[in-house]
Amino acid sequence: MRALRKQKVGIVVSDKMDKSVVVEVKRKVKHPRYGKFIGRTSRFMAHDAENKSHIGDTVRIMETRPLSRRKRWYLAEILLSSK
């Protein structure tokens, strides 16, 4: 049985490439000493086979096998369209 794949929700920040988007995922991390929550962002390249998503869309990405040097995620669904 295949293990459950990781999923992340983020915002598309670049759609200039063909069949690829850059998704920015924001998260809050607690500082180890002071306990204050700090905002951290990570950027992931995701495969968008039909070029459906655009800048500003809120999307869910899912982990997959390596598709290129930097792409290890694919676009599972568009949660909220910006247009």
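# Strands, salt bridges and core of a predicted model

Q: Where is K19?
A: K19 sits in the loop between β1 and β2. Strands here, like helices, are DSSP runs numbered from the N terminus (E, at least two residues, for strands; H or I, at least four, for helices).

Q: Before I go on, what am I looking at, and how are residues numbered?
A: This is a predicted model, in which local features need pLDDT of at least 70 and side-chain atom pairs count only at pLDDT 80 or more, while totals for chains, interfaces and linings use all residues. Residues are numbered from 1 along each chain as its sequence is written, and side-chain values use heavy atoms, with hydrogens and water left out.

Q: Back to K19. What is its phi?
A: The phi of K19 is near 65°, a positive value in a residue other than glycine. Most residues other than glycine have a negative phi.

Q: Is K19 buried, exposed or partly exposed?
A: K19 is partly exposed, with a relative accessible area of 40%. The classes are buried under 20%, exposed over 50% and partly exposed in between, with a 1.4 Å probe and protein chains only.

Q: Which other residue has a positive phi without being a glycine?
A: N51 does, at about 50°. N51 is in the loop between β3 and β4, and at 34% relative accessibility N51 counts as partly exposed.

Q: OK, the fold. How do the strands run in the barrel?
A: Five strands form a closed barrel in the order β1-β2-β3-β5-β4, with mixed pairing. On average, neighbouring strands of this sheet are turned by 50° against each other, direction ignored. The angle comes from axes, which are lines fitted to C-alpha atoms (for helices over the stretch in contact), and angles run from 0 to 180 degrees between N-to-C directions.

Q: How many bridges join β2 to β3?
A: 11 bridges join β2 to β3, and the two run antiparallel. Two strands pair if DSSP finds at least two bridges between them. In β3, A46 is the bridge partner of V21.

Q: And what joins β1 to β2?
A: Three bridges, again with the strands antiparallel. I11 stands opposite E24 in β2. β1 and β2 form a hairpin with five residues between them, and K19 is in the turn.

Q: What about β4?
A: β4 is joined to β1 (residues 7-14) by five bridges and to β5 by six, antiparallel in the β1 case and in the β5 case. Q7 has M62 in β4 as its bridge partner, and G10 stands opposite V59 in β4. M62 stands opposite Y74 in β5.

Q: Switching to charges. How many salt bridges are there?
A: Three salt bridges, where a salt bridge is a side-chain nitrogen of Lys or Arg within 4 Å of a carboxyl oxygen of Asp or Glu.

Q: Which residue pairs with R43?
A: E24, in a salt bridge at 3.5 Å, N to O. R43 lies in strand β3 (residues 37-47) and E24 in strand β2 (residues 20-30), so the pair ties together parts that are 19 residues apart in sequence. R43 is exposed, with a relative accessible area of 54%.

Q: And E77?
A: The side chain of E77 meets that of R60 in a salt bridge, 2.3 Å from N to O. E77 is in strand β5 (residues 71-80) and R60 in strand β4 (residues 58-63), so this pair ties together parts that are 17 residues apart in sequence. E77 is partly exposed at 36% relative accessibility, and R60 is partly exposed at 23%.

Q: What does E50 pair with?
A: K52, at 3.6 Å, N to O. E50 is exposed, with a relative accessible area of 59%, whereas K52 counts as partly exposed at 48%.

Q: Which residues make up the largest nonpolar core?
A: V12, V21, V23, V25, F44, A46, V59, I61, W73 and L75, 10 residues in all. β2, β3, β4 and β5 each give two or more residues to this core, and the largest share, three residues, comes from β2. A nonpolar core is a set of buried Ala, Val, Leu, Ile, Met, Phe, Trp, Tyr and Cys residues joined through side-chain atoms within 4.5 Å.
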